[in-house]
Amino acid sequence: MKKSALLAAVCVPAFLAAAPLAAKTLVYCSEGSPENFYPGVNTTGTSFDASTQVYSRIVEFERGGTQVQPGLAEKWDISADGTVYTFHLRKGVKWHTNKNFKPTRDMNADDIVFMFERQWKQDNPFFKVTSPNHSYFDDMGMPKLLKSVEKVDPYTVKVTLNQPEAPFLADLAMEFAAVQSKEYADAMLKAGTPEKIDQEPIGTGPFYLVQYQKDATIRYKAFNEYYGGKAKIDDLVFSITPDASVRWAKLQKGECHVMPYPNPADLDAMKKDPNVTVLDQAGLNVGYLAYNTQKKPFDDVRVRKALNMAMDKKAIVDAVYLSSGVPAKNPIPPSMWSYNDAVKDDPFDPAAAKKLLAEAGYPNGFETDLWAMPVQRPYNPNGKRVAELMQADLAKIGVKAEIKTFEWGEYRKRLQAGESQMGQMGWTGDNGDPDNFLHTLLGCDSAKGVSGSNIAKFCYKPFDDLVTKAKVTSDQKQRTELYKQAQVIFKEQAPWFTVAHAVQLKPIRKEVVDFKLSPFGRHTFYGVDIKGK
């Protein structure tokens, strides 16, 4: 990148502060850099936020809700047995253009088929481009679920499943199902630069990518030909600001308009600032410590239960989350349907924990590792501090835990590969369905291999049978009962120490109009306006 372009990228927020009457530009102080712009191989909200501005999906979630509505498909039919989905696509949906490529056609069925096959068919030339780890697609069991994906005609796609899948439509509204241009992909493959479709993306979404400078800035412009109508703002800037205190300072000065993940300690000051509104709602999330159930001594449920009783959950939540979190007992949040409130949490009881450890053959404790998250996430505001409190509690029962951490991308990769003995992680729901937590994070499908989201490597047949049966059952009442039973087994088997469900908090400038909190923790800016511009 030329020095002048980089300077322009870095100086954007300061320029906006100096010239508030510029065209409608919204600056979002994001917390980090995306891994790339292809959500099919990512699992972090940071990367999803960057790519969701660019792409559309077959179906979309309503803004601020969990209901599925038309997206690239204006309507669909589902067979009586729930195994055949026929999607009727919109006509006239335009693609963005960039310096690499100018589309010669509108979005059509070829692009939808490409979205599926790129993640599904190992002989697809794009299967391994950027990464062969299609975590969501694999963790949800899509390779086994899909029987066929057929182009019926240029604007009709038929998807046949091997069995019914209750959350299938909601799954297709998730980020991994972002639709890319097959024509662009073919052109870049021919040019010998297939990775460009993920690094310099084009989509059919409300904004197109103008410039990305890692660890500095992402610049987008409103796409005039977006099928839903042009966005209310003209320019969207992600000012990449990893430090929460610096984000807050920028928000106060008007250098950014929206910031994620505030420090709990700053909340009082935020609420008193006359130029700032703090939006809040119950978060669809959970923060947890996963025990690697395939490694000694954590292959013994007594050891896992003992550690659960050794750590003072309430003290951890009070010290780190302050007023922005509630202690978690289940792997799904209380606001989600099928939450089993009858489940009793493990008590904080170090004496009982020590006794149970002795029964398991560890009367003097043992040595282990404890991986601490290196970044602030919606479900864990300070991984290092949480780890230190856990470490101190465990020492009291003779368990010596060495705290380890890595850069965020490396941390996730190593956790998924099963390298840790104990590792902090968390999850924000993607589609409002319990399956997205219970099967994706704890099912046998996602415990296999080196890229699954089941970092506890927990594959327990009685649990897996319940969550797998719930997937193929369309009746929500029956699904609720199955998930409630699964939560009981989860608590008995203790693959995690569940820490907290965090309240979603979003400080925004008062001039920001109609920003909606996403139940999934995403940050989308279509429909948002700025007052007085």
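Reader: Over the ring of which residue does the charged end of Lys121 sit?
Author: This is a predicted model, in which local features need pLDDT of at least 70, side-chain atom pairs count only at pLDDT 80 or more, and totals for chains, interfaces and linings use all residues. Residues are numbered from 1 along each chain as its sequence is written, and side-chain values use heavy atoms, with hydrogens and water left out. A charge sits over a ring if NZ of Lys or CZ of Arg is within 6 Å of the ring centre and within 35 degrees of the ring normal. At 4.1 Å from the ring centre, the charged end of Lys121 sits over Trp120.

Reader: Over the face of which residue does Arg118 lie?
Author: Arg118 is placed 3.7 Å from a ring centre. The ring over whose face Arg118 lies is that of Tyr38.

Reader: Are the rings of Phe48 and Tyr136 stacked, tilted or edge-to-face?
Author: Rings of Phe, Tyr and Trp (its six-membered ring) pair if their centres lie within 6.5 Å, and planes under 30 degrees apart count as stacked, over 60 as edge-to-face and the rest as tilted. The centres of Phe48 and Tyr136 are 5.8 Å apart and their planes stand at 50 degrees, so the pair is tilted.

Reader: Is Phe48 buried or exposed?
Author: Buried means under 20% relative accessible area, exposed over 50%, and partly exposed in between (1.4 Å probe, protein chains only). With a relative accessible area of 1%, Phe48 is buried.

Reader: Is Tyr136 buried or exposed?
Author: The relative accessible area of Tyr136 is 4%. By that value, Tyr136 is buried.
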